[in-house]
Amino acid sequence: MSAVLEIGHVTRRFAGLVAVNDVSFTLGQDEILGVIGPNGAGKTTLVNLISGTLMPSAGDIFFKGDKITGLSAFRRARLGIGRTFQIMRPFPGLSVLDNVAVGALFGHGAGESDLAKAREKARVQLDFVGLGRFATQRADELGGPNRKRLELAKALAMQPRVLLCDEVMAGLNLVEIEEVIEVLKKIRERGISILVIEHVIKAIKSLSDRLLVLHHGDKIADGPPDAVLSNSEVIEAYLGRRRS
Amino acid sequence: MTAFRVVLVVVLAVVLAVLPLFGSDVLIQFGINALLLAVLAQGWNIIGGYTGYPSFGNSVFYGLGSYGVAIAMVQWNLPFAVGMIFGVVLAVGFAFLLGIPVLRLKGHYFAIATLALAQVMSAIVSNISLAGQNIGLVLPPLNNDRLFYELSLGLLVLSTLTVFWLTRSRFGFGLIAIRENEEGAAVMGVNTTLYKVLAFALSGIFTALAGGIHAYWITFLDPESAFDISLNVKMIIMAVFGGPGTVFGPILGALVLSAVSEVLSSEATNVAGLFFGIVVVAAVVLMPRGVADVIRQFRVSGWRYFIENLKAHRI
Amino acid sequence: MDLLAQVLINGVLLGGLYAVMALGLALVWGVLNIVNLAHGAFIMLGAYLAWHLYTYFGIDPFLGLPLTAIVMFCLGYAVQRGLLNLIVRAPMFNTLLITFGLEVVLTYLAQLAFSADFRTINPPYAGNSIALGPLVVPLARLMAFGVAVVLTVGMWLFLLHTKLGRAIRATAQNLVAARLYGVEPRHLYAMTFGIGIGLAGAAGCLYGTVSQINPYIGATLTAKCFAISIIGGLDNPLGVLVGGLVLGIIESLTVLYIGATFGDVASFGVLVLVLIVRPSGLLGKTA
């Protein structure tokens, strides 16, 4: 299984603070990689570095074997890297359908040039995530869980090869979380590799093939979920050192 | 657009086109001014209304268009059409050269940077001898108001068709995405830098053409009037009052405000100014999305529309 | 060499005045996110108020400055409470438009009330100067500079060490949190804007002693204050002081070495450069 995404010794500094410190890992074809870690561990920064919103201070990023370290965000999007945002970012003035249509117009391979076709493709994605009946509503009128679905639909309309999910389950109840897990598994079946940042450990354990743990910018574990979650360093990062 | 609306627009356009045959000279002159202002508002609409970058530098494009025509006709003895093209070339050049650094700035910083650029350009041009320096240039006279009227109307139709095209094209969608959420647009594959500069240049083209027509019409220009900042403010107010980000809003705003201003000017010279100020203040409070939105929403919410706006924005 | 030193002194004195002019604008912008295009018009009103106090009551402008500032403070409080509070949560562009409308109204009213003549405030000592060797320091300008520095440092201390100052800074950073601590936003916003306009009034008072006033100076002054605020950064009154000094010196040097008409070009040119290179200003924090 060849690596779709390779992160090689990537570091990102912000005026005195090292948010991501010499992190290396790969994301394989059809793999779901979970990324966990306490708040402030550098998870969102990592996603920003992969999507091109931020540039690394050091290290390289490879996508399907090609170096993409210096590429701007929109070029990476056109290569096939899609992402959702933790703090959701719809286009408030546009309808739900048109929000997703933007993805179809500009995504993988520079997307579709015909507006009508883009809207058709958008509708397919909306139905896939279960937002079909909200198509004509304004995006900012959607409630929390539906906004998460919209984020997913927008990214999917880009026809990505890699999907970066930043806390798609935050604030959802147990039933909604199950639904998201099912959707993500179906996305994987379409041949899209997924990197999922999550706090809901139980959910991510059942979803991921592998887990990556970040703490204060360092990678402290990388492996199968069971092994990682019983790793003492990981437990210490979340719960603190045992007083003996 | 429904068939009814299309017919309505076409009828209005035809009425406007034949107006010079029946109207008085004063009316035609008012018409030229109002139509050119509508073009300016529509041009601003492209960069300010659709892309979300409120430009205070469109007066530079206006000035470049005016001077393009003036220099071509006065200094090089070229025909008007060539002068217009020259003006457009200058405008596009400016948009690309200075647009790139300035469009990296957000919101009000962009506004201020363009404002500063406008001041700088005005001062620079007043020192170029080819442009007649501080004294300005006098163009060959052409006494044909009807021609200028039809030219202005034609330009307005062209700019409006362009804006309409924006609403149904990939490019326009990209601009709207940039306006609504630039970072979100970028990660979805929109080449934000290129699109912003193109929008700026497109806005500049129409503004420059309007400047060119205006210069030839009044046969005189100098740096202060060509790069007049208050003109930029006027076009913004008209676009915003009418409805930014809509196809007809700016036209509506320009025509209504021009008409009101004209009526008041004949009553008392400066009351027009005061009225303008009060209208702007009231409009921003009660109808921040412009007249076009009022027309659209009034059927749904009635008078509550204004109260809703108030409640949403105050503390 | 003497000419250069003289020009530099002029620039510094001018810079101090510029700083206090921009102080109110920077405060209101940095704290309330209100871009006040009418700021120059308020400076103009302050100048006229000081002129009237001097001409009709014989109150020396420097002594009458506190009174001018207080009256303008009340005006600013009323404007914020009655009008601007209505659009605080609207997109920031709306504040640009509404203050523009306000500027038009204020200019018109001023022209109606005061006519378009040029006036100056001319206390008897206005023409005097102090000699520093071969250099000439006009007394009125020196006094204006002194007051300007006092006001700027005072503002800095106020924001840092008083309860109200800290409440203002807290509200600037996080309105919701500030509310939870008992800050009443409508009143606080009005206080902040009032202070901003009070400073504009004081600046107008000083301006009137060194330059001519008429109802139309508002727009140009506003543009200058923008340049100063951006060059100096919005976070810190001392930054505004630096911005004012930088602009004053650059303008004076430009007028000397390049030409009188290029003074404005220099200010705005610097503004554009600062915006492109370092949008948070010379003293502002980097992103």
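1. Two residues are in contact if their C-beta atoms, placed from the backbone, lie within 7 Å. By that rule, the contact between chains C and B takes 35 residues from chain C and 33 residues from chain B. On the chain C side, the elements that give two or more residues are helix H4 (92-114), helix H8 (185-210), helix H9 (218-232) and helix H11 (263-277). H4(C) gives the most, with 12 residues. Sorted by class, this side of chain C has 27 nonpolar, 5 polar and 3 charged residues. Here Ala, Val, Leu, Ile, Met, Phe, Trp, Tyr, Cys and Pro count as nonpolar, Asp, Glu, Lys and Arg as charged, and the others, Gly among them, as polar.

2. A note on the source. This is a predicted model, in which local features need pLDDT of at least 70 and side-chain atom pairs count only at pLDDT 80 or more, while totals for chains, interfaces and linings use all residues. Residues are numbered from 1 along each chain as its sequence is written, and chains are lettered from A and ligands numbered from 1 in the order in which they are written.

3. Helices (H or I, at least four residues) and strands (E, at least two) are DSSP runs, numbered from the N terminus. A residue is buried if 20 or more other C-beta atoms lie within 10 Å of its own, exposed if 12 or fewer, and partly exposed in between. A:Val162, A:Leu164 and A:Asp166 point one way from S7(A), A:Leu163 and A:Cys165 point the other way, and all are buried.

4. S7(A) has parallel partners. Strand S6 (residues 81-83) of chain A is joined to S7(A) by 3 bridges; two strands pair if DSSP finds at least two bridges between them. A:Arg83 has A:Leu164 as its bridge partner in S7(A). Strand S8 (residues 193-197) of chain A pairs with S7(A) over 5 bridges, and A:Leu163 has A:Ile194 as its bridge partner in S8(A).

5. S7(A), helix H6 (residues 174-189) of chain A and S8(A) make a right-handed β-α-β unit. Right-handed means that, with the strands pointing away from the viewer, the path from the first strand over the helix to the second runs clockwise.

6. Helix H5 (residues 144-157) of chain A has 14 residues and reaches 20 Å from its first C-alpha to its last, close to the 20 Å expected. The expected span is 1.5 Å times one less than the number of residues. Of the 14 residues of H5(A), 11 are buried, so this helix is largely enclosed by the rest of the structure. Its buried residues pack against S6, helix H3 (96-106), helix H4 (115-129), S7 and H6 of chain A. Just after H5(A), A:Gln159 takes a positive phi of about 50°.

7. A:Lys64, at about 50°, is found in the loop between strand S4 (58-63) and strand S5 (66-67) of chain A. C:Asn33, at about 60°, lies in the loop between helix H1 (2-32) and helix H2 (39-57) of chain C. A:Lys64 counts as partly exposed, with 15 C-beta neighbours inside 10 Å; C:Asn33 is partly exposed, with 15 neighbours.

8. C:Tyr257 is in helix H10 (residues 237-257) of chain C. With 11 other C-beta atoms within 10 Å, C:Tyr257 is exposed.
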